[in-house]
Amino acid sequence: MTVENHKGDERGGAIASELEKKFEAKRELKGLSLRLVQMAALAIGLYEVVFIFNLNMVLYDLLYKMGLDLQVLTVNFQNKQSQAFILGMIFVIAFLLYPPIKKESLTRGPHPIDLVLCAAGLLSMGHMFLRYPDYVMFQDVGKLDVYLGLVAIALVLEGTRRTLGWVLPAIVSVFLIIGIRDTGYNWPRFVEYLYINEGIFGTPFFVMTIFVFAFIFFGAFLLRIGVSDYATLLMIALFGSRSGGPAKAAVVSSALMGCVSGSSVANVLTTGTFTIPLMKRSGYPPEVAGAIEPVASTGGQIMPPVMGAAAFIMSQFLGIPYNNIIIAAIIPAFVYYAGVYIFVDLETKRLGLKGMPKEELPQVRGLLRKTYLLFPVVVITVALVWGIAPHAAAISSLGLAVWAAWISKDEIEGSERIYVPVMLLGSLLMFTGDELRGVAALGSLALIALLALASALRPRGMEVRLNEKFSISALMLLFIASFKLMGFTKEMTLFSSGSFGVVLSMLVGLFSKKEVAKSMYKATFESLIGAGRESAPVMLAAASAGLIQGVLTMTGLVTSLGFKITALAGNNVLLILVMAMIFSLILGMGVPTTANYVITSLVAAPAVFTAVAGSGGIYSERVLGFGPPVALLAAHFFVFYFGILADLTPPVALASYAGSMLAQSDFWKTSTNAAFFALAGYLGPYIYFFNPEMLLITVSHWSAFFLLKTAFDVFATLAIIYAVGGALSGYMMGRSISMPWRVSLVVLSLACYRLSPIWVGLLVGLLALIRASGRIRAKGS
């Protein structure tokens, strides 16, 4: 079993394909309509790279330093204009690709009304694109603005309904009715706020176009070159022989590759086609195998460095750099996956399962030889933590992913023993600061000379041929040397490397006669188009969420609702948290995570914040000493986590539904098991809220006390999860435990939600007592 020939379980793949059609209900387009969708998707990708990521200015600077002054490249557009262009293309994709009725035959082409809606979308967004500069100067709203603004709002609702279902548009419609009433039917004011100023083009859509699209492109490319499959195979090879190996491999690989997709369902359909059949063959009941993968996949949205799209919106709402959001999420993500691992381990031992036979496992040596395929994930992590802009980090990692993908092709001659070190050294040179430009440039040229020398001498075990691998590596190194010599900053070099790598991959693949090179061209091109197509539901969800945000801000409800919830709960913090949890879970059953977070952060989070804002202590301190209050960060993380867990929570539980279909298991048993395995996710937000130092960035000055306190908090949280897991499963420490022990464990664990040392000590003592009683019983028998 190798990365190249692995195709997963054929039956599981067929089910996944059917499920994908059921969830997304996309038309199988042909002819002109297919080309229009492809052109729209390609236009989004090219516009993003050229104008939003400022590739045009990079090209201008590059050519200017070479003596060419092409002023045409300095053309730039305002953010609202760029967002209008992208939304216009999204309308084309949504109305051509998604039928108006889910039950409609997917082989049927678009209706005439779909073409009318496309034209209306292009007209309303084209008007916004051309009109916005004048509006900025004169601040006037005419009748045409009102008419086309209302058309745009209606099209956002219809596009959202087609791509995501009726729940979110229905909620948005309620808010719009409230907004119309509260403005006194003042249509110019209503349209000005929701069409021109904020609303559709508010913070959520801004975040999608500026930050999230780059990660969608990055994830689409990793999926198409097989990095996700590789990570799964590697974890199977490493963990497969252990007790419950396939399940544990699913947990670890999902944690590792959480950045591939921001959708829980998409993650399940991607990795579950392989892991779920393996778990079933290893002895897991279908309802258990179908539950483990959704739990592991859902955690991808809370796993740094690339979290769900809502995390980027949180960064904008709170005014905290995204790299600090990553740091804040480290302990919760660790606890979540540690908790899932603990529950899976308990279930495995309870069932008495063994590992996979070694002869069925992939060859570890061959897989370890390809670990450099994961290097882009390492790079994006380092880049984000260093504070490099998120979209620049994603695009720069994309360039390295292209480079690594070409090197990994065994069908193209060239030893990995020389190409991989060259790639790693070239990447390090690209990350050097401005003060080491000369060293980086000379180092890159030296690496090119090394490859050329190896090509001439052909030493044994380090062969280099003048082929596609050589071309990609030499041109990437030449790019690094050129940008360093011309004085471009580190950030600009990193960002430009991604764009250059994509273009280079397509050109080399296009002109090569080798089939494997053609496949790389196809993967790169399809990633660009796929990113545009796959962004349609996310972008429309963000536009709809922006309408809700706009109405709440325009009417003042964003302030009053928080106070009303606080008063309703009698200012009881725990009760407010429970209410916020229920609100987030119910809302998340029919609304995407992005929209869920926007709504709950504006409605529920202020109530949670108000309840503790005046309590003093760490809640009153500022994040990092200058950011928002710690209480506000804790409140936002609370609703953020429960919005994600809605994908696992019955009765809807979309991720669990996907898992149950792949496992051919009963949905209710599967979703119940999934909620059980994800218990760390349900308990964790309460613990983090009452112990905000676990979010790390909430502590402005670290001392020995806070270090010990945080270490104790992590230990106590894992002890609570282990205790509750054992109590609910009825199995721990290698044996079944009686009902009195189970009840005592649950009661004590729930009493520990504030992590009081006394209660935690009692819980640990109870666990020790259970262990001692088991040993006594074993000796007696």
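Q: Is T298 buried or exposed in this model?
A: The model is a predicted one. T298 lies in helix 13, and its relative accessible area is 1%. The cut-off for a buried residue is under 20%. With 1%, T298 is therefore buried.

Q: Which backbone oxygen does the side chain of T298 reach?
A: T298 is found in helix 13. Its side chain comes to 2.7 Å from a backbone oxygen. That oxygen belongs to P294.

Q: How many Å apart in space are T298 and M356?
A: Along the sequence, T298 and M356 are 58 residues apart. In space, the separation is taken from C-alpha to C-alpha. That gives 25 Å.

Q: What is the separation in Å of the C-alpha atoms of I101 and M356?
A: I101 is found in the loop between helix 4 (79–97) and helix 5 (112–138), and I101 is exposed, with a relative accessible area of 52%. I101 and M356 are 255 residues apart along the chain. Their C-alpha atoms are separated by 45 Å.

Q: At what angle do the axes of helix 12 and helix 13 cross?
A: Two packed helices are described by the angle between their axes and the distance between the axes. For helix 12 (residues 264–281) and helix 13, the axes come within 8 Å. Helix 12 passes helix 13 in a right-handed crossing. The axes cross at roughly 145°.

Q: How many residues of the contact of helix 12 with helix 13 are charged?
A: On helix 12 the contact includes S264, N267 and K280, and on helix 13 it includes P286, E293 and T298. By class, the contact has 7 nonpolar and 8 polar residues. The number of charged residues is 2.

Q: How many residues of the contact of helix 10 with helix 11 are nonpolar?
A: Helix 10 passes helix 11 in a right-handed crossing. Among the residues that make the contact are A231 and F239 of helix 10, and K248 and L256 of helix 11. The contact has 3 polar residues and 1 charged residue. The nonpolar residues number 8.

Q: Is the crossing of helix 16 and helix 31 left-handed or right-handed?
A: The axes of helix 16 (residues 330–351) and helix 31 come within 9 Å and cross at roughly 145°. As helix 16 passes helix 31, the crossing is right-handed.

Q: Which residues of helix 31 make the contact with helix 16?
A: By class, this contact has 8 nonpolar, 2 polar and no charged residues. From helix 16, the residues are I331, P332, V335, Y336, G339 and F343. From helix 31, they are L679, A680, G681 and Y688.

Q: Which residue has a side chain in polar contact with the side chain of S505?
A: S505 is found in helix 23 (residues 490–511), and at 0% relative accessibility S505 counts as buried. S505 touches V402, W406, I472, M520, Y521 and T524, not counting residues up to four places away in sequence. A polar contact of 2.9 Å joins the side chain of S505 to that of T524.

Q: What is the omega of the peptide bond that joins P650 and P651?
A: Most peptide bonds are trans. The bond between P650 and P651 is cis, and P651 lies in the loop between helix 28 (630–645) and helix 29 (654–663). Its omega is about 15°.

Q: What is the omega of the bond that joins P304 and P305?
A: P305 has its place in the loop between helix 13 (286–298) and helix 14 (309–318). The peptide bond joining P304 and P305 is cis. Its omega is about 5°.

Q: What is the phi of L696?
A: Most residues other than glycine have a negative phi. L696 is not a glycine, yet its phi is positive. L696 sits in the loop between helix 31 (679–690) and helix 32 (704–729), and L696 is buried, with a relative accessible area of 19%. Its phi is about 65°.

Conventions:
Residues are numbered from 1 along each chain as its sequence is written. This is a predicted model: local features need pLDDT of at least 70, side-chain atom pairs count only at pLDDT 80 or more; totals for chains, interfaces and linings use all residues. Side-chain values use heavy atoms; hydrogens and water are left out. Helices (H or I, at least four residues) and strands (E, at least two) are DSSP runs, numbered from the N terminus. Buried means under 20% relative accessible area, exposed over 50%, partly exposed in between (1.4 Å probe, protein chains only). A polar contact is a pair of N or O atoms within 3.5 Å; within protein, one must be able to donate a hydrogen and the other to accept it, and residues adjacent in sequence count only if both atoms are side-chain atoms. Contact means heavy atoms within 4.5 Å. A crossing is left-handed if the near helix is turned anticlockwise from the far one by less than a right angle, and right-handed if clockwise. Ala, Val, Leu, Ile, Met, Phe, Trp, Tyr, Cys and Pro count as nonpolar, Asp, Glu, Lys and Arg as charged, and the others, Gly among them, as polar. Axes are lines fitted to C-alpha atoms, for helices over the stretch in contact, and angles run from 0 to 180 degrees between N-to-C directions.
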